[in-house]
Amino acid sequence: MARIALVTGAGAGIGRACSLRLARNGMAVGVLDIDFESCKRVVAEIEAAGGKAIALQASVADRGQVTAAVAKLRSAFGPITVVVNNAGITGFVPFEEITDDAWDRMMEINLKGTFIVTQVVLPDMKAEKWGRIINISSSSAQTGAIRMAHYSASKGAIVTLTRSLAQELGPLGITVNNIPPGSVMNTLMSEANRERFQLPMDVLLASIPVKRTGEPEDIANACAWLASEDSGYVTGQTIGVNGGRVVT
Ligand SMILES: NC(=O)c1ccc[n+]([C@@H]2O[C@H](COP(=O)([O-])OP(=O)(O)OC[C@H]3O[C@@H](n4cnc5c(N)ncnc54)[C@H](O)[C@@H]3O)[C@@H](O)[C@H]2O)c1
């Protein structure tokens, strides 16, 4: 059965890779991002490969924009039964220097955005009695991270949101899981992180058992499985995709 998926933060990095992969698996994809030009580029890539997609501009933190985008996706392709809550921002600042505004913005986009998108899409999943909610958290939610208290707190809350929703929505045929990426290169965020941390590659690699950094496609592979029929007995889980860097 052809499924309809919504991927947020889909114009770049991990969201782009998840969109391309779900489309390759036969899903029609709503490519949602605050940056519309990047959405259109990803849609063109999907269509060039023979897939189906639509570009959707919205901020995940704006319920009105999300509702309009979801309506557009539904009328283009049908009910949405897969959502990848991937849109996110990061920040590096000592704890004492985090302003109220920076704290609120982090929570608004990373956490409230996940809440809003999930709530807006949920009626479709309930009607279909089938759904897959995949939240992209962060390995910092598992370990904590220096100068990222607001970021890691927002991501930790996504893990707990995942567990709560899994219990609430399981009886409705909807699974909810999260993927906490670690050290995924070739994304806008990871390039910014590396510039700020200037962590030498040999130091980073020494902490990763499989001896390579992650690629967006590594996350997309796990996402594709969680979005499939095959993962139906998996819910409320944290599926670490981090080369073994974090083992819990
Ligand atoms: N790259 C990593 O190593 C890593 C590690 C841990 C967690 N993550 C998480 O993975 C997700 C994707 O990260 P990435 O590295 O691909 O980042 P990225 O910066 O390359 O992509 C994020 C995308 O989200 C979009 N976006 C930002 N704010 C938005 C908003 N309000 N509404 C809609 N779209 C918005 C951006 O325009 C961008 O296209 C994020 O949630 C991030 O926290 C990434």
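This is a conversation about how some terms apply to the structure above.

Colleague: What should I keep in mind about the model and its numbering?

Modeller: It is a predicted model, where local features need pLDDT of at least 70 and side-chain atom pairs count only at pLDDT 80 or more, while totals for chains, interfaces and linings use all residues. Residues are numbered from 1 along each chain as its sequence is written, and side-chain values use heavy atoms, with hydrogens and water left out.

Colleague: Happy with that. Why is Asn135 called buried?

Modeller: Buried means under 20% relative accessible area, exposed over 50%, and partly exposed in between, with a 1.4 Å probe and protein chains only. Asn135 has 1% relative accessibility, so Asn135 counts as buried. This residue is found in strand E5; helices (H or I, at least four residues) and strands (E, at least two) are DSSP runs, numbered from the N terminus.

Colleague: What makes the pair Asn135 and Asn85 a polar contact?

Modeller: The term asks for a pair of N or O atoms within 3.5 Å; within protein, one must be able to donate a hydrogen and the other to accept it, and residues adjacent in sequence count only if both atoms are side-chain atoms. The side chains of Asn135 and Asn85 make such a contact at 2.9 Å. Leaving aside neighbours within four places in sequence, Asn135 is also in contact (heavy atoms within 4.5 Å) with residues including Thr114, Ile158 and Asn178.

Colleague: How do you know that E4 and E5 pair, and in which sense do they run?

Modeller: Two strands pair if DSSP finds at least two bridges between them. E4 and E5 (residues 131-136) are joined by 4 bridges and run parallel, with Ile134 in E5 as the bridge partner of Val84. On E4 there is also strand E1 (residues 4-8), joined by 3 bridges and again parallel, where Val7 has Val84 as its partner.

Colleague: What kind of unit do E4, H4 and E5 make?

Modeller: A right-handed β-α-β unit, with helix H4 covering residues 100-128. A crossover is right-handed if, with the strands pointing away from the viewer, the path from the first strand over the helix to the second runs clockwise.

Colleague: Why is strand E6 described as largely enclosed?

Modeller: Because 6 of the 6 residues of E6 (residues 174-179) are buried. Ile174, Val176 and Asn178 point one way, and Thr175, Asn177 and Ile179 the other. In a regular strand the side chains alternate between the two faces of the sheet. E6 pairs with E5 in the parallel sense over 6 bridges, and Ile179 is the partner of Ile136.

Colleague: Which residues come nearest to the ligand?

Modeller: Asp33, Asn86, Tyr151, Lys155 and Thr187, out of the 25 residues around it; near means that a heavy atom of the residue lies within 4 Å. An N or O atom in the side chain of Tyr151 is 2.6 Å from a ligand oxygen atom, and for the side chain of Thr187 the distance to a ligand oxygen atom is 2.6 Å. Taken alone the ligand exposes 830 Å², and the protein buries 92% of that; the areas come from the Shrake-Rupley method with a 1.4 Å probe, and for residues only the protein chains shown count as cover.

Colleague: Last one: is Thr213 buried or exposed?

Modeller: Buried, because its relative accessibility is 13%. Thr213 is found in the loop between helix H8 (201-206) and helix H9 (216-226). Its C-alpha atom is separated by 5.9 Å from that of Ser183, 30 residues apart along the chain.
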